[in-house]
Amino acid sequence: MTTIYVVDVESGNLQSLANAIDQVAPGANVVFIRNAADFQQHNANIETLLLPGVGNYGHFVKQVTERGLATPVLEYIASGRRIMGICVGLQVLMKFSEEAPGQQGLGLLDMKLAKFTTEDPIFTKVGQKKAVPEIGWNSVAQFSGDTTHLYGINSSNKYYYVHSYAAIVDSQKEQITAEEANGWTFAFTNYGSERFVAAVARKNVFATQFHPEKSGKAGLAVLKAFLQGQPDAQGAPSTMSSSAATETTLSGLSRRIIACLDVRSNDQGDLVVTKGDQYDVREKDDNANVRNLGKPVELATRYYNQGADEITFLNITSFRNDPLKDQPMLEVLKQAAKTIFVPLTVGGGIKDLTEADGTVVPASKVAAAYFLAGADKVSIGSDAVAIAEAWYANGKQGTGKSSIETISATFGVQAVVISVDPKRKYIADPSQTTQEVIKIEDPARYGPQGERYCYYQVTSQGGRKTHEMGALELCVACEALGAGEILLNSIDHDGTNSGFNLELLHQVKSRVSIPVIASSGAGNPGHFKQVFDLECGVDAALGAGLFHRGEYTVNDVKAHLREQGMDVRLE
(Lines give C-alpha, C1' and ligand atoms only; values in the text may rest on other atoms or scores of the structure.)
Protein backbone atom coordinates (compact mmCIF):
# COMPACT_ATOMS: atom_id res chain seq x y z
CA MET A 1 0.00 0.00 0.00
CA THR A 2 1.28 3.46 -0.94
CA THR A 3 1.79 5.82 1.98
CA ILE A 4 1.66 9.58 1.55
CA TYR A 5 3.05 11.72 4.38
CA VAL A 6 1.55 15.15 5.10
CA VAL A 7 3.02 17.82 7.37
CA ASP A 8 0.27 19.03 9.70
CA VAL A 9 0.88 22.13 11.81
CA GLU A 10 -2.82 22.81 12.34
CA SER A 11 -2.96 25.49 9.68
CA GLY A 12 -6.23 25.16 7.77
CA ASN A 13 -8.25 22.41 6.17
CA LEU A 14 -6.14 19.29 5.61
CA GLN A 15 -9.14 16.97 5.45
CA SER A 16 -9.84 18.08 1.90
CA LEU A 17 -6.25 17.30 0.91
CA ALA A 18 -6.58 13.82 2.42
CA ASN A 19 -9.85 13.37 0.52
CA ALA A 20 -8.20 14.52 -2.72
CA ILE A 21 -5.38 12.02 -2.22
CA ASP A 22 -7.96 9.28 -1.76
CA GLN A 23 -9.68 10.44 -4.95
CA VAL A 24 -6.58 10.29 -7.17
CA ALA A 25 -4.73 7.47 -5.36
CA PRO A 26 -7.45 5.12 -4.04
CA GLY A 27 -6.27 3.00 -1.15
CA ALA A 28 -3.28 5.19 -0.34
CA ASN A 29 -2.53 5.55 3.35
CA VAL A 30 -2.21 9.14 4.58
CA VAL A 31 0.03 9.72 7.61
CA PHE A 32 0.21 13.15 9.25
CA ILE A 33 3.56 14.43 10.55
CA ARG A 34 2.96 16.89 13.38
CA ASN A 35 6.36 17.30 15.05
CA ALA A 36 10.02 16.27 14.99
CA ALA A 37 9.31 13.01 16.83
CA ASP A 38 6.77 12.00 14.18
CA PHE A 39 9.27 12.85 11.44
CA GLN A 40 12.00 10.82 13.08
CA GLN A 41 9.66 7.86 13.56
CA HIS A 42 8.70 7.72 9.88
CA ASN A 43 11.75 9.27 8.20
CA ALA A 44 13.16 6.05 6.83
CA ASN A 45 9.90 5.29 5.04
CA ILE A 46 9.01 8.71 3.65
CA GLU A 47 9.33 8.91 -0.11
CA THR A 48 6.53 11.37 -0.85
CA LEU A 49 5.94 14.36 1.44
CA LEU A 50 3.31 17.11 1.18
CA LEU A 51 3.81 20.48 2.88
CA PRO A 52 0.42 22.24 2.82
CA GLY A 53 -0.40 25.48 4.56
CA VAL A 54 -3.30 27.90 4.69
CA GLY A 55 -3.53 31.38 6.11
CA ASN A 56 -1.03 33.38 8.06
CA TYR A 57 2.61 32.96 6.98
CA GLY A 58 3.95 33.94 10.41
CA HIS A 59 1.76 31.43 12.23
CA PHE A 60 2.77 28.68 9.79
CA VAL A 61 6.51 29.35 9.99
CA LYS A 62 6.36 29.66 13.77
CA GLN A 63 4.59 26.31 14.04
CA VAL A 64 7.09 24.61 11.71
CA THR A 65 9.95 26.00 13.81
CA GLU A 66 8.48 25.34 17.27
CA ARG A 67 7.53 21.80 16.35
CA GLY A 68 11.12 21.11 15.30
CA LEU A 69 10.21 20.43 11.68
CA ALA A 70 12.36 22.98 9.83
CA THR A 71 15.62 21.02 10.01
CA PRO A 72 14.08 17.59 9.23
CA VAL A 73 12.26 19.05 6.20
CA LEU A 74 15.45 20.65 4.87
CA GLU A 75 17.39 17.42 5.43
CA TYR A 76 14.64 15.49 3.68
CA ILE A 77 14.85 17.82 0.66
CA ALA A 78 18.65 17.52 0.60
CA SER A 79 18.30 13.71 0.50
CA GLY A 80 16.62 13.98 -2.92
CA ARG A 81 13.22 12.65 -1.90
CA ARG A 82 10.11 14.27 -3.37
CA ILE A 83 8.20 17.08 -1.66
CA MET A 84 5.26 19.22 -2.75
CA GLY A 85 4.36 22.54 -1.10
CA ILE A 86 0.86 23.97 -1.35
CA CYS A 87 -0.06 27.66 -0.83
CA VAL A 88 1.82 28.74 2.32
CA GLY A 89 3.76 25.51 1.79
CA LEU A 90 5.21 27.20 -1.29
CA GLN A 91 5.74 30.49 0.52
CA VAL A 92 7.74 28.90 3.33
CA LEU A 93 10.35 27.81 0.76
CA MET A 94 11.30 31.47 0.39
CA LYS A 95 13.42 33.64 2.67
CA PHE A 96 10.84 35.88 4.28
CA SER A 97 7.47 37.58 3.93
CA GLU A 98 6.28 41.11 4.61
CA GLU A 99 3.37 39.44 6.41
CA ALA A 100 5.70 38.43 9.26
CA PRO A 101 9.07 40.22 8.97
CA GLY A 102 10.53 38.49 12.01
CA GLN A 103 9.84 34.95 10.78
CA GLN A 104 12.54 33.34 8.63
CA GLY A 105 11.42 30.88 5.93
CA LEU A 106 13.33 27.83 4.76
CA GLY A 107 15.23 29.98 2.26
CA LEU A 108 15.43 27.58 -0.68
CA LEU A 109 14.44 30.44 -2.99
CA ASP A 110 16.08 33.85 -2.68
CA MET A 111 12.75 35.63 -2.98
CA LYS A 112 10.49 37.65 -0.71
CA LEU A 113 6.73 37.73 -0.37
CA ALA A 114 4.83 41.00 -0.58
CA LYS A 115 1.18 41.96 -0.22
CA PHE A 116 -0.88 42.63 -3.31
CA THR A 117 -1.75 46.29 -3.71
CA THR A 118 -5.35 47.44 -3.81
CA GLU A 119 -4.22 50.58 -5.68
CA ASP A 120 -3.53 48.68 -8.88
CA PRO A 121 -3.20 51.00 -11.91
CA ILE A 122 -5.41 48.73 -14.04
CA PHE A 123 -8.22 49.20 -11.52
CA THR A 124 -7.45 52.84 -10.74
CA LYS A 125 -8.11 53.78 -14.39
CA VAL A 126 -11.75 52.77 -13.97
CA GLY A 127 -12.14 54.17 -10.45
CA GLN A 128 -11.91 50.84 -8.62
CA LYS A 129 -9.69 49.10 -6.10
CA LYS A 130 -8.34 45.60 -6.54
CA ALA A 131 -9.72 43.21 -3.95
CA VAL A 132 -7.17 41.72 -1.58
CA PRO A 133 -6.94 38.81 -0.83
CA GLU A 134 -7.05 37.26 -4.27
CA ILE A 135 -9.85 34.73 -3.98
CA GLY A 136 -10.93 32.83 -7.04
CA TRP A 137 -10.01 30.99 -10.21
CA ASN A 138 -6.97 32.19 -12.11
CA SER A 139 -4.80 30.70 -14.82
CA VAL A 140 -1.10 29.98 -15.10
CA ALA A 141 -0.09 32.13 -18.01
CA GLN A 142 3.70 32.31 -18.28
CA PHE A 143 6.57 29.92 -17.75
CA SER A 144 10.32 30.16 -17.28
CA GLY A 145 12.47 27.06 -17.46
CA ASP A 146 11.72 23.44 -18.27
CA THR A 147 7.91 23.18 -18.15
CA THR A 148 8.05 19.38 -18.24
CA HIS A 149 8.85 19.58 -14.51
CA LEU A 150 5.49 21.14 -13.62
CA TYR A 151 3.36 18.00 -13.33
CA GLY A 152 0.94 18.89 -16.07
CA ILE A 153 0.03 22.43 -15.06
CA ASN A 154 -1.91 23.62 -18.08
CA SER A 155 -2.14 27.26 -19.14
CA SER A 156 -5.64 26.73 -20.53
CA ASN A 157 -7.05 25.57 -17.19
CA LYS A 158 -8.14 27.52 -14.14
CA TYR A 159 -6.86 26.88 -10.61
CA TYR A 160 -8.13 28.13 -7.24
CA TYR A 161 -6.06 30.79 -5.47
CA VAL A 162 -6.71 32.30 -2.04
CA HIS A 163 -3.93 34.54 -0.69
CA SER A 164 -2.99 38.13 0.12
CA TYR A 165 0.78 37.75 -0.20
CA ALA A 166 2.81 36.38 -3.10
CA ALA A 167 6.27 36.30 -4.64
CA ILE A 168 5.64 39.29 -6.90
CA VAL A 169 8.16 39.69 -9.73
CA ASP A 170 8.86 42.30 -12.39
CA SER A 171 5.87 42.14 -14.71
CA GLN A 172 7.90 43.69 -17.54
CA LYS A 173 10.39 40.79 -17.69
CA GLU A 174 9.46 37.94 -20.00
CA GLN A 175 11.88 35.50 -18.42
CA ILE A 176 13.92 35.06 -15.26
CA THR A 177 17.61 34.70 -16.14
CA ALA A 178 19.40 31.42 -15.53
CA GLU A 179 21.42 33.07 -12.76
CA GLU A 180 18.25 34.36 -11.09
CA ALA A 181 16.46 31.05 -11.53
CA ASN A 182 19.30 29.01 -9.99
CA GLY A 183 17.94 25.83 -11.54
CA TRP A 184 14.29 26.49 -10.72
CA THR A 185 11.43 26.26 -13.17
CA PHE A 186 8.77 28.92 -12.64
CA ALA A 187 5.14 29.31 -13.59
CA PHE A 188 3.64 32.78 -13.29
CA THR A 189 0.29 34.45 -13.49
CA ASN A 190 -1.06 37.94 -12.99
CA TYR A 191 -3.46 39.35 -10.45
CA GLY A 192 -4.34 42.66 -12.00
CA SER A 193 -1.04 44.17 -13.10
CA GLU A 194 1.03 42.25 -10.55
CA ARG A 195 2.85 39.17 -11.80
CA PHE A 196 3.55 36.51 -9.21
CA VAL A 197 4.93 33.00 -8.83
CA ALA A 198 2.14 30.44 -9.28
CA ALA A 199 4.34 27.34 -9.11
CA VAL A 200 7.99 26.32 -8.86
CA ALA A 201 9.95 23.13 -9.44
CA ARG A 202 13.55 22.00 -9.12
CA LYS A 203 14.67 18.38 -9.06
CA ASN A 204 12.70 16.78 -6.21
CA VAL A 205 10.89 19.96 -5.09
CA PHE A 206 7.54 21.10 -6.49
CA ALA A 207 5.19 23.72 -5.07
CA THR A 208 2.05 25.58 -6.09
CA GLN A 209 0.56 28.85 -4.84
CA PHE A 210 -2.87 27.56 -5.86
CA HIS A 211 -4.73 24.75 -4.11
CA PRO A 212 -4.83 21.64 -6.34
CA GLU A 213 -7.21 19.92 -3.89
CA LYS A 214 -9.68 22.79 -4.38
CA SER A 215 -9.20 23.25 -8.12
CA GLY A 216 -11.65 20.66 -9.42
CA LYS A 217 -10.54 18.21 -12.11
CA ALA A 218 -7.64 20.39 -13.22
CA GLY A 219 -6.16 20.51 -9.72
CA LEU A 220 -6.73 16.82 -9.06
CA ALA A 221 -4.79 16.03 -12.25
CA VAL A 222 -1.77 18.00 -10.96
CA LEU A 223 -1.91 16.27 -7.58
CA LYS A 224 -2.23 12.85 -9.24
CA ALA A 225 0.78 13.51 -11.47
CA PHE A 226 2.91 14.46 -8.46
CA LEU A 227 1.85 11.42 -6.42
CA GLN A 228 2.61 9.16 -9.37
CA GLY A 229 6.00 10.82 -9.92
CA GLN A 230 5.17 12.08 -13.43
CA PRO A 231 6.56 15.63 -13.71
CA ASP A 232 6.06 15.59 -17.49
CA ALA A 233 2.34 14.69 -17.31
CA GLN A 234 0.13 16.37 -19.89
CA GLY A 235 -2.39 17.64 -17.35
CA ALA A 236 -6.16 17.60 -17.40
CA PRO A 237 -7.60 18.52 -20.79
CA SER A 238 -9.33 21.88 -20.82
CA THR A 239 -13.01 21.94 -21.73
CA MET A 240 -13.08 25.71 -22.11
CA SER A 241 -15.04 26.60 -25.22
CA SER A 242 -12.94 28.17 -27.96
CA SER A 243 -15.92 29.27 -30.05
CA ALA A 244 -17.07 32.12 -27.84
CA ALA A 245 -15.07 35.30 -27.48
CA THR A 246 -14.38 35.90 -23.81
CA GLU A 247 -13.27 38.86 -21.80
CA THR A 248 -10.10 39.38 -19.89
CA THR A 249 -11.25 40.61 -16.48
CA LEU A 250 -9.30 43.36 -14.75
CA SER A 251 -8.14 40.91 -12.09
CA GLY A 252 -7.56 37.95 -14.39
CA LEU A 253 -10.03 35.89 -12.35
CA SER A 254 -12.99 34.07 -13.84
CA ARG A 255 -16.48 35.13 -12.82
CA ARG A 256 -17.11 33.14 -9.64
CA ILE A 257 -20.51 31.43 -9.18
CA ILE A 258 -21.36 30.18 -5.68
CA ALA A 259 -24.18 27.80 -4.80
CA CYS A 260 -25.62 28.43 -1.33
CA LEU A 261 -27.55 25.95 0.79
CA ASP A 262 -29.55 27.16 3.80
CA VAL A 263 -29.52 24.17 6.15
CA ARG A 264 -31.70 23.69 9.21
CA SER A 265 -33.47 21.00 11.19
CA ASN A 266 -37.06 20.37 10.17
CA ASP A 267 -39.82 19.48 12.60
CA GLN A 268 -38.81 15.83 12.42
CA GLY A 269 -35.20 16.58 13.41
CA ASP A 270 -33.67 15.97 9.98
CA LEU A 271 -31.21 18.39 8.38
CA VAL A 272 -32.68 19.72 5.15
CA VAL A 273 -31.93 22.39 2.61
CA THR A 274 -34.60 25.06 2.78
CA LYS A 275 -35.42 28.42 1.28
CA GLY A 276 -38.19 30.88 1.96
CA ASP A 277 -39.44 34.41 1.42
CA GLN A 278 -37.98 37.16 3.59
CA TYR A 279 -36.29 34.55 5.80
CA ASP A 280 -39.57 32.66 6.45
CA VAL A 281 -38.81 29.05 5.54
CA ARG A 282 -42.20 27.50 6.29
CA GLU A 283 -44.72 26.41 3.70
CA LYS A 284 -47.70 28.69 3.10
CA ASP A 285 -50.34 26.13 4.02
CA ASP A 286 -52.23 24.84 7.05
CA ASN A 287 -49.44 22.46 8.06
CA ALA A 288 -46.75 25.17 7.80
CA ASN A 289 -43.94 22.61 7.72
CA VAL A 290 -40.35 23.67 7.11
CA ARG A 291 -39.84 23.83 3.35
CA ASN A 292 -37.72 20.81 2.38
CA LEU A 293 -35.79 21.18 -0.87
CA GLY A 294 -33.46 18.22 -0.46
CA LYS A 295 -30.57 16.69 1.42
CA PRO A 296 -27.53 18.94 1.92
CA VAL A 297 -24.77 16.59 0.70
CA GLU A 298 -26.81 15.38 -2.27
CA LEU A 299 -27.60 18.89 -3.46
CA ALA A 300 -24.10 20.21 -2.83
CA THR A 301 -22.60 17.37 -4.86
CA ARG A 302 -25.05 18.07 -7.67
CA TYR A 303 -24.00 21.72 -7.81
CA TYR A 304 -20.32 20.79 -7.75
CA ASN A 305 -20.87 18.46 -10.70
CA GLN A 306 -22.70 21.30 -12.48
CA GLY A 307 -19.61 23.48 -12.17
CA ALA A 308 -20.17 25.56 -9.02
CA ASP A 309 -16.97 27.41 -8.12
CA GLU A 310 -17.75 27.26 -4.39
CA ILE A 311 -20.37 25.76 -2.08
CA THR A 312 -21.67 27.61 0.98
CA PHE A 313 -23.60 25.96 3.82
CA LEU A 314 -25.47 28.38 6.07
CA ASN A 315 -26.82 26.56 9.10
CA ILE A 316 -29.73 28.75 10.14
CA THR A 317 -30.84 27.00 13.33
CA SER A 318 -28.73 24.12 14.55
CA PHE A 319 -25.72 26.09 15.83
CA ARG A 320 -27.57 28.15 18.40
CA ASN A 321 -26.66 26.09 21.44
CA ASP A 322 -23.31 24.45 20.80
CA PRO A 323 -21.71 24.12 17.36
CA LEU A 324 -19.00 21.81 18.70
CA LYS A 325 -21.72 19.30 19.55
CA ASP A 326 -23.70 19.89 16.37
CA GLN A 327 -22.59 16.56 14.97
CA PRO A 328 -25.13 16.37 12.10
CA MET A 329 -23.72 19.50 10.45
CA LEU A 330 -20.14 18.39 11.03
CA GLU A 331 -21.07 15.13 9.34
CA VAL A 332 -22.57 17.05 6.41
CA LEU A 333 -19.23 18.80 5.93
CA LYS A 334 -17.24 15.58 6.26
CA GLN A 335 -19.36 13.79 3.66
CA ALA A 336 -19.47 16.74 1.27
CA ALA A 337 -15.69 17.20 1.40
CA LYS A 338 -15.15 13.60 0.27
CA THR A 339 -16.48 14.26 -3.23
CA ILE A 340 -16.47 18.06 -3.64
CA PHE A 341 -13.13 19.56 -4.65
CA VAL A 342 -13.94 23.25 -4.65
CA PRO A 343 -13.99 25.53 -1.57
CA LEU A 344 -16.60 24.90 1.14
CA THR A 345 -17.83 27.64 3.47
CA VAL A 346 -19.93 27.05 6.60
CA GLY A 347 -21.73 29.64 8.68
CA GLY A 348 -24.08 29.97 11.61
CA GLY A 349 -23.30 30.68 15.26
CA ILE A 350 -19.51 30.53 15.00
CA LYS A 351 -18.38 32.58 18.00
CA ASP A 352 -16.93 32.28 21.49
CA LEU A 353 -19.06 29.82 23.46
CA THR A 354 -19.73 29.00 27.07
CA GLU A 355 -20.73 25.40 27.60
CA ALA A 356 -23.19 24.21 30.22
CA ASP A 357 -20.39 23.44 32.67
CA GLY A 358 -18.99 26.97 32.33
CA THR A 359 -16.11 26.04 30.02
CA VAL A 360 -15.32 28.85 27.59
CA VAL A 361 -14.63 27.64 24.06
CA PRO A 362 -12.91 30.32 21.93
CA ALA A 363 -14.18 31.01 18.43
CA SER A 364 -10.89 29.87 16.91
CA LYS A 365 -11.44 26.40 18.37
CA VAL A 366 -15.01 26.35 17.07
CA ALA A 367 -13.73 27.31 13.62
CA ALA A 368 -10.98 24.68 13.83
CA ALA A 369 -13.63 21.98 14.32
CA TYR A 370 -15.24 22.95 11.02
CA PHE A 371 -11.94 23.23 9.20
CA LEU A 372 -11.11 19.76 10.47
CA ALA A 373 -14.44 18.50 9.12
CA GLY A 374 -13.69 19.89 5.66
CA ALA A 375 -14.60 23.58 5.59
CA ASP A 376 -12.24 26.10 4.00
CA LYS A 377 -13.89 29.26 5.31
CA VAL A 378 -16.22 30.15 8.16
CA SER A 379 -18.98 32.72 7.82
CA ILE A 380 -19.70 34.99 10.79
CA GLY A 381 -23.03 36.81 10.94
CA SER A 382 -24.69 37.92 14.17
CA ASP A 383 -21.44 37.93 16.13
CA ALA A 384 -19.89 40.27 13.55
CA VAL A 385 -22.52 42.90 14.32
CA ALA A 386 -21.73 42.84 18.05
CA ILE A 387 -17.99 42.93 17.30
CA ALA A 388 -18.37 45.92 14.97
CA GLU A 389 -20.50 47.80 17.50
CA ALA A 390 -17.79 47.26 20.11
CA TRP A 391 -15.12 48.38 17.63
CA TYR A 392 -16.82 51.73 17.07
CA ALA A 393 -17.52 52.16 20.79
CA ASN A 394 -13.81 51.56 21.44
CA GLY A 395 -12.65 54.34 19.12
CA LYS A 396 -12.28 52.04 16.11
CA GLN A 397 -9.86 49.78 17.98
CA GLY A 398 -10.00 46.02 18.20
CA THR A 399 -9.31 44.00 21.31
CA GLY A 400 -7.49 41.16 19.60
CA LYS A 401 -9.95 38.78 21.23
CA SER A 402 -12.98 38.86 18.93
CA SER A 403 -13.84 35.89 16.74
CA ILE A 404 -12.87 37.81 13.61
CA GLU A 405 -9.45 38.71 14.98
CA THR A 406 -8.57 35.36 16.54
CA ILE A 407 -9.66 33.22 13.58
CA SER A 408 -7.92 35.41 11.00
CA ALA A 409 -4.75 35.58 13.12
CA THR A 410 -4.53 31.79 13.18
CA PHE A 411 -5.97 30.72 9.83
CA GLY A 412 -5.55 33.86 7.73
CA VAL A 413 -7.95 36.60 6.71
CA GLN A 414 -9.16 34.55 3.75
CA ALA A 415 -10.72 32.06 6.19
CA VAL A 416 -13.17 34.64 7.60
CA VAL A 417 -16.29 35.61 5.65
CA ILE A 418 -18.71 38.18 7.08
CA SER A 419 -22.35 37.48 6.28
CA VAL A 420 -24.32 40.75 6.27
CA ASP A 421 -28.15 40.75 6.45
CA PRO A 422 -29.35 44.35 5.95
CA LYS A 423 -32.75 45.87 5.29
CA ARG A 424 -33.43 49.22 3.63
CA LYS A 425 -34.51 52.08 5.91
CA TYR A 426 -35.91 55.23 4.32
CA ILE A 427 -35.18 58.62 5.89
CA ALA A 428 -36.27 62.14 4.95
CA ASP A 429 -32.96 63.82 5.68
CA PRO A 430 -29.35 62.62 6.25
CA SER A 431 -29.28 64.50 9.55
CA GLN A 432 -31.59 61.84 11.00
CA THR A 433 -28.79 59.28 11.21
CA THR A 434 -25.04 59.05 11.75
CA GLN A 435 -24.81 56.30 9.12
CA GLU A 436 -23.79 57.07 5.54
CA VAL A 437 -26.89 57.40 3.39
CA ILE A 438 -27.71 56.86 -0.27
CA LYS A 439 -29.56 59.59 -2.15
CA ILE A 440 -32.40 58.14 -4.22
CA GLU A 441 -32.36 59.75 -7.65
CA ASP A 442 -35.40 58.02 -9.18
CA PRO A 443 -38.71 59.42 -7.84
CA ALA A 444 -40.35 56.07 -8.50
CA ARG A 445 -38.11 54.61 -5.81
CA TYR A 446 -38.77 57.17 -3.10
CA GLY A 447 -39.90 55.85 0.28
CA PRO A 448 -43.56 55.40 1.28
CA GLN A 449 -43.67 58.93 2.71
CA GLY A 450 -41.69 60.41 -0.14
CA GLU A 451 -38.31 59.91 1.57
CA ARG A 452 -35.41 60.66 -0.75
CA TYR A 453 -32.64 58.95 1.24
CA CYS A 454 -32.02 55.52 2.63
CA TYR A 455 -29.41 53.34 4.21
CA TYR A 456 -29.28 49.63 4.93
CA GLN A 457 -29.71 48.71 8.59
CA VAL A 458 -28.02 45.48 9.57
CA THR A 459 -29.92 42.73 11.33
CA SER A 460 -28.82 39.77 13.42
CA GLN A 461 -30.32 36.50 14.70
CA GLY A 462 -31.68 35.52 11.32
CA GLY A 463 -33.22 38.93 10.64
CA ARG A 464 -35.14 39.03 13.91
CA LYS A 465 -33.13 41.86 15.52
CA THR A 466 -32.49 45.22 13.83
CA HIS A 467 -29.52 47.44 14.66
CA GLU A 468 -28.92 51.12 14.00
CA MET A 469 -25.64 50.33 12.25
CA GLY A 470 -25.54 50.43 8.46
CA ALA A 471 -24.26 47.64 6.24
CA LEU A 472 -21.46 49.87 4.97
CA GLU A 473 -20.30 50.69 8.49
CA LEU A 474 -20.38 47.01 9.45
CA CYS A 475 -18.29 45.99 6.44
CA VAL A 476 -15.72 48.73 7.01
CA ALA A 477 -15.31 47.67 10.66
CA CYS A 478 -14.99 43.98 9.84
CA GLU A 479 -12.38 44.60 7.17
CA ALA A 480 -10.33 46.59 9.68
CA LEU A 481 -10.66 43.74 12.21
CA GLY A 482 -9.31 41.11 9.81
CA ALA A 483 -12.18 39.72 7.73
CA GLY A 484 -11.20 38.58 4.26
CA GLU A 485 -14.49 38.50 2.37
CA ILE A 486 -18.04 39.85 2.59
CA LEU A 487 -21.20 37.90 1.77
CA LEU A 488 -23.61 40.77 1.17
CA ASN A 489 -27.24 39.69 1.44
CA SER A 490 -30.35 41.86 1.13
CA ILE A 491 -33.53 41.11 3.06
CA ASP A 492 -35.44 43.38 0.67
CA HIS A 493 -34.44 41.22 -2.29
CA ASP A 494 -34.29 37.78 -0.69
CA GLY A 495 -36.79 35.39 -2.27
CA THR A 496 -38.06 37.97 -4.76
CA ASN A 497 -36.25 36.59 -7.86
CA SER A 498 -36.02 40.21 -9.00
CA GLY A 499 -32.24 40.45 -9.19
CA PHE A 500 -29.46 41.51 -6.85
CA ASN A 501 -29.55 44.73 -4.85
CA LEU A 502 -27.26 46.77 -7.09
CA GLU A 503 -27.61 49.93 -5.01
CA LEU A 504 -26.37 48.24 -1.85
CA LEU A 505 -23.61 46.35 -3.64
CA HIS A 506 -22.31 49.52 -5.25
CA GLN A 507 -22.17 51.37 -1.93
CA VAL A 508 -20.27 48.66 -0.08
CA LYS A 509 -17.96 47.55 -2.87
CA SER A 510 -16.86 51.12 -3.55
CA ARG A 511 -15.64 51.50 0.03
CA VAL A 512 -13.97 48.21 0.98
CA SER A 513 -10.88 46.52 -0.40
CA ILE A 514 -11.75 42.90 0.33
CA PRO A 515 -13.82 40.71 -2.04
CA VAL A 516 -17.61 41.14 -2.01
CA ILE A 517 -20.03 38.35 -2.88
CA ALA A 518 -23.42 39.45 -4.25
CA SER A 519 -26.28 37.52 -2.64
CA SER A 520 -30.10 37.57 -2.49
CA GLY A 521 -32.52 38.00 -5.36
CA ALA A 522 -31.09 35.99 -8.27
CA GLY A 523 -33.97 34.56 -10.27
CA ASN A 524 -32.42 33.83 -13.66
CA PRO A 525 -29.02 33.78 -15.42
CA GLY A 526 -29.51 37.34 -16.65
CA HIS A 527 -29.30 38.60 -13.08
CA PHE A 528 -25.75 37.22 -12.81
CA LYS A 529 -24.78 39.01 -16.02
CA GLN A 530 -26.32 42.20 -14.65
CA VAL A 531 -24.44 42.11 -11.36
CA PHE A 532 -21.11 41.34 -13.02
CA ASP A 533 -21.71 44.29 -15.34
CA LEU A 534 -22.08 46.53 -12.27
CA GLU A 535 -19.46 49.23 -12.58
CA CYS A 536 -18.06 48.68 -9.07
CA GLY A 537 -17.06 45.11 -9.98
CA VAL A 538 -18.36 42.56 -7.48
CA ASP A 539 -16.08 39.57 -6.99
CA ALA A 540 -18.59 36.72 -6.98
CA ALA A 541 -22.32 36.06 -7.19
CA LEU A 542 -24.33 33.57 -5.19
CA GLY A 543 -27.47 31.67 -6.10
CA ALA A 544 -29.78 29.52 -4.01
CA GLY A 545 -33.50 29.23 -4.74
CA LEU A 546 -33.22 29.18 -8.55
CA PHE A 547 -30.88 26.18 -8.25
CA HIS A 548 -32.84 24.38 -5.51
CA ARG A 549 -36.13 24.63 -7.39
CA GLY A 550 -34.53 23.19 -10.50
CA GLU A 551 -35.44 26.21 -12.61
CA TYR A 552 -31.81 26.67 -13.68
CA THR A 553 -28.57 24.77 -13.17
CA VAL A 554 -25.18 26.25 -12.42
CA ASN A 555 -24.25 25.20 -15.96
CA ASP A 556 -27.16 27.26 -17.31
CA VAL A 557 -25.84 30.36 -15.57
CA LYS A 558 -22.30 29.80 -16.78
CA ALA A 559 -23.42 29.04 -20.33
CA HIS A 560 -25.37 32.29 -20.40
CA LEU A 561 -22.40 34.27 -19.12
CA ARG A 562 -20.15 32.57 -21.64
CA GLU A 563 -22.55 33.44 -24.46
CA GLN A 564 -22.37 37.06 -23.29
CA GLY A 565 -18.58 36.95 -23.59
CA MET A 566 -17.81 36.62 -19.89
CA ASP A 567 -14.94 34.54 -18.54
CA VAL A 568 -16.21 31.56 -16.54
CA ARG A 569 -14.56 28.34 -15.47
CA LEU A 570 -15.94 25.31 -17.29
CA GLU A 571 -15.13 21.65 -16.68
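This section describes the overall make-up of a predicted protein model and then the surroundings of selected residues.

The protein has 571 residues, and 59% of them count as buried. Its secondary structure consists of 18 helices and 28 strands. The accessible surface amounts to about 22400 Å², and carbon and sulfur atoms contribute 46% of this area.

Q63 belongs to helix α3, which covers residues 57–66. With a relative accessible area of 16%, Q63 falls under the 20% limit and is therefore buried.The UniProt record, an unreviewed entry, places the feature "active site" at C87, H211, E213, D262 and D421. Of these residues, H211 and E213 are included in the lining of the largest cavity. The record's annotation may be inferred rather than shown by experiment.

E213 is located in a loop, with strand β14 (205–208) on one side and helix α8 (216–227) on the other. The relative accessibility of E213 is 5%, so this residue counts as buried. The side chain of E213 forms a polar contact with the side chain of H211, at 2.9 Å. When neighbours within four places in sequence are left aside, E213 is in contact with S16, L17, A20, I86 and F341.

D421, another position named in the UniProt feature, is part of strand β22, which spans residues 416–427. D421 has a relative accessibility of 16% and counts as buried, because the limit for this class is 20%.

A disulfide is a covalent bond between the sulfur atoms of two cysteines. With the requirement that the two sulfur atoms lie within 2.5 Å, the count of disulfides in the model is 0.

Terms used
Residues are numbered from 1 along each chain as its sequence is written. This is a predicted model: local features need pLDDT of at least 70, side-chain atom pairs count only at pLDDT 80 or more; totals for chains, interfaces and linings use all residues. Side-chain values use heavy atoms; hydrogens and water are left out. On a 1 Å grid over the protein atoms alone, a cavity is a set of points where a 1.4 Å probe fits but cannot get out, and a pocket is an open set with protein on both sides within 12 Å along at least five of seven lines; lining residues have an atom within 4 Å of a point. Helices (H or I, at least four residues) and strands (E, at least two) are DSSP runs, numbered from the N terminus. Buried means under 20% relative accessible area, exposed over 50%, partly exposed in between (1.4 Å probe, protein chains only). Contact means heavy atoms within 4.5 Å. A polar contact is a pair of N or O atoms within 3.5 Å; within protein, one must be able to donate a hydrogen and the other to accept it, and residues adjacent in sequence count only if both atoms are side-chain atoms. Accessible areas come from the Shrake-Rupley method with a 1.4 Å probe; for residues, only the protein chains shown count as cover.
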